[in-house]
Amino acid sequence: MDSQHSYTFSNRANQLTSSAIREILKVTTRPEIISFAGGLPSADGFPIPELRQAFDQVLANDGREALQYGPTEGYTPLRQWVADDLSTDDVKINLNEVLIVSGSQQALDMLGKLFIDNGSKVLVESPTYLGALQSFSVFEPEYVAMDTDEGGLIPAEVSTAKAQGARFIYALPNFQNPTGRTMSAERRQEFVERCAAANLPIIEDDPYGELRYIGSPQPSLLSLGRKAGATVIRLGSFSKVLAPGLRLGYIVAPSAIIDKLVQIKQATDLHSPTVTQMAVYEAVKNGFLKQHLPTVRELYKRQCQFMLDAMQHYFPEGVHWTRPEGGMFLWVTLPEHMSANELLQKAIERNVAFVPGEPFYATAEAKTNTFRLSFVTVSEERIRQGIEILGQLIREQL
Ligand code: PMP
């Protein structure tokens with residue numbers, strides 16, 4: 001409460017805190033800062049002419065429908081496109097198993113509303129996507145951190161006593177945000193089998209799956225889970241394959257779960273923008289992503305390799321980092337005694353920014369010697385400069 005206004009926030013709102021790191025990172029929008037902190041895709045990958053044409057087409061031909069309210073489930077042709085896109089020879093996805101949402105971030109909020117009561121047990125990877133923790137935390141769950149290693153989530157973790165009675169497990173199998181790690185096909189299989197045996201629903205969040213630039217695609221938890229009898233709720237997004245400003249994503253889940261989510265979405269925003277859904281459908285319906293994605297993959301691959309080379313050159317021995325097969329992030333582990341927060345303070349003074357690992361951990365077991373680097377929005381020359389500066393600062397603290 002301040003002196004002029006009188007109001008009482010809900011307990012739910014009062015338990016939310018803004019992170020100290022967010023405050024520090026506010027400076028990263030200054031142009032002189034070389035920021036590896038952002039979570040933004042590269043605007044060089046946005047298909048601007050194609051989207052412009054798609055919006056034009058929709059407004060010219062179907063303006064009255066495009067500007068009208070629509071069904072909460074989403075624009076039917078786009079839902080059908082998603083269903084077809086995710087169907088495989090042995091796993092078919094039906095129209096009534098698809099809900100269009102305003103970005104997968106909205107899906108995370110809606111799933112929090114659907115599954116979490118105050119104190120409900122929720123299983124998350126350690127570390128995990130910070131935005132999911134922010135969405136779920138509004139509903140005051142009790143987080144249980146699942147151990148991970150270089151291969152991502154360790155499947156046996158879901159069969160341990162600490163995992164019992166959880167409402168769901170939130171999993172990021174491809175190029176995880178923040179670590180860039182990927183689960184192998186064998187791990188995925190074991191994971192879905194263990195979840196099926198434990199009656200543990202899986203939320204599979206996969207916004208980066210199409211951005212694989214090394215190795216071959218692994219089967220989704222959705223496809224493996226359906227065959228193994230697990231409940232899988234898969235989140236997809238157009239943010240990284242087209243553009244995040246569209247704010248469009250989707251949820252694929254058993255129809256009984258979709259029905260409940262439709263009630264929740266209706267109360268939230270009625271539906272995602274009709275015109276955007278129609279334009280995205282117009283853009284993707286004839287296979288545009290197949291032509292477009294190789295360009296984005298190539299761009300990200302080059303940027304990633306450039307950063308890896310710079311790290312190899314400038315980082316001292318004793319520092320370790322992941323080698324992502326796709327996506328936008330890699331994860332650095334400093335020697336045990338070092339603090340990424342302290343490194344960030346020094347780095348900001350030298351106009352370089354990154355996100356320390358701590359906020360990506362749901363529980364007190366945070367590894368404070370870790371940090372995330374994003375390599376997609378910074379030019380090669382600035383990647384080199386930024387990594388050189390970080391290398392110097394790490395050496396000074398060794
Ligand atoms: N999940 C993960 C893992 C992400 O990295 C992001 C974007 N940073 C989102 C969900 C949200 O994406 P959007 O709402 O744009 O689909």
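How do the residues of the shell around the ligand divide into nonpolar, polar and charged? In this predicted model, in which local features need pLDDT of at least 70, side-chain atom pairs count only at pLDDT 80 or more, and totals for chains, interfaces and linings use all residues, the shell comprises 4 nonpolar, 6 polar and 3 charged residues, with Ala, Val, Leu, Ile, Met, Phe, Trp, Tyr, Cys and Pro counted as nonpolar, Asp, Glu, Lys and Arg as charged, and the others, Gly among them, as polar. Residues are numbered from 1 along each chain as its sequence is written, and side-chain values use heavy atoms, without hydrogens and water.

Of the 13 residues around the ligand (a heavy atom within 4 Å of it), Ser104, Asp205, Tyr208, Ser237 and Ser239 come nearest. An N or O atom in the side chain of Asp205 lies 2.6 Å from a nitrogen atom of the ligand, whereas ligand oxygen atoms lie 2.7 Å from a backbone N or O atom of Ser104 and 2.9 Å from a polar side-chain atom of Asn177. Of the 400 Å² of accessible area that the ligand has on its own (Shrake-Rupley method, 1.4 Å probe), the protein covers 92%.

The chain is divided into domain 1 (12-41 + 290-396) and domain 2 (48-286), with bounds from an automatic or database domain assignment; their centres, taken over C-alpha atoms, are 25 Å apart. Contact (heavy atoms within 4.5 Å) joins 29 residues of domain 1 to 29 residues of domain 2. Across this interface 2 salt bridges are found (a side-chain nitrogen of Lys or Arg within 4 Å of a carboxyl oxygen of Asp or Glu), and the side chains of Glu325 and Arg212 meet in a salt bridge at 2.7 Å, N to O.

Conventions. Polar contact = N/O pair within 3.5 Å; in protein donor to acceptor, adjacent residues only side chain to side chain.
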